[in-house]
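Please read them alongside the structure.

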Amino acid sequence: MCRLLGYCSRADASVVELIGEPGLDAFTALSRWHGDGWGMAAQDGAGLQVAKSPHRAADDPDYQRLAKERLGDAGLVHLRWATPGLPVEDRNSHPFTRGGFALAHNGAIHPQSRLPELLPPAWERQLTGSTDSERYFLHIMSGLDGHGGDVVAAVADTVRHIRDHYQPNSLNAVLLAPRALYAISWHDPERIPYASIRERGSPEDPAGYFNLAYTATADAIVVASTGWPQDSWNVIPNGSVLKVNRETLATSVAALLSPDHS
C-alpha cells in the first residue's frame, strides 16, 4: 500500500510550487510509514522523465531535489509501502513505464501465487520486476489496441478482470499518458487492511485510507491519496476514473463499473 500524488499544470512546474512547502513537507512525511521506496515521473516537451529509488523519500537528497525542480507540466509521485513478500528493490519501485505511459499503484492484488496468470505469456515476459502493480499496468497496456487506444475503456476492462479473478483490496492508481493524466479510484471497502494500517501508526483514517481526491486552480489540477491536509478537495467516487486533459486541464469523471460493482 502506498501514497500517490499526480498533477497537470499549464506550464512546467515543480511539486513544491503546486502544493507549497508545507504541503510537500506533509506529503513527504508520510514516507515515515511508506518508506519502501519512492518514484517520480513527468511529461515535458521532450517526453517522459522517470526517477525512482528503493530508499525512504524523506532521507533521500535526490527526492528532495527533484520535488523542487520543474520536471514537466504533468507528473506523478509515489511513496511505497511494499506488499509483504515483494522485495524492496529498485526494479519494484513505482512508477512502471512503457512508451509514453507511467503508472503508480496503491493497493495489493491477492493471491500472489496466481499473479503470473494475470498476463498473456508474451506480456508476462516483459516484466522488469516481480510486483502485482507492474502486472496491473501491463494489463492496461495490453488492452489499449483492443479498445482503439481508449485509455478509460482499457482501465475499466482491467479493473473488471482483476476484480473478477483475484481479491484486490485497491486498484487505485495514477496513470500518466502522453495527452492526459488519469486518477483511478477503485477499492473494496470489505478489504481495507485496518489492522496493518493501525499497526504502523500512520496518520490516515483507516476507513478513508483508499480515498483519492483532487483540487483545481486556474493553472493546475492536483490529485492525491490521504494522510496530509486536503481541505476542500473533491473526493473521486470509488469505482471511477478522473481524466485531466494535459493541454486544457479540462476534467471528466467516468464510471469504471456499474453502481452495484457488477
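**Notes on the predicted model**

1. Of the 262 residues of the protein, 56% are buried (under 20% relative accessible area with a 1.4 Å probe, protein chains only). The model is predicted, with local features needing pLDDT of at least 70 and side-chain atom pairs counting only at pLDDT 80 or more, while totals for chains, interfaces and linings use all residues. Residues are numbered from 1 along each chain as its sequence is written, and side-chain values use heavy atoms, without hydrogens and water.

2. The C-alpha trace spans about 45 × 45 × 35 Å along its principal axes.

3. Six helices and 15 strands are present (DSSP runs numbered from the N terminus: H or I of at least four residues for helices, E of at least two for strands).

4. Seven strands form an open sheet in the order S3-S2-S4-S1-S12-S11-S13, with antiparallel pairing (two strands pair if DSSP finds at least two bridges between them). At its edges are strand S3 (47-53) and strand S13 (234-235), each pairing on one side only.

5. Within this sheet, strand S11 (residues 212-216) and strand S12 (residues 220-225) run antiparallel and are joined by five bridges. Ala216 stands opposite Ile221 in S12.

6. Among contacts (heavy atoms within 4.5 Å) between residues at least 6 apart in sequence, 67% join residues at least 24 apart.

Note on methods. Buried means under 20% relative accessible area, exposed over 50%, partly exposed in between (1.4 Å probe, protein chains only).
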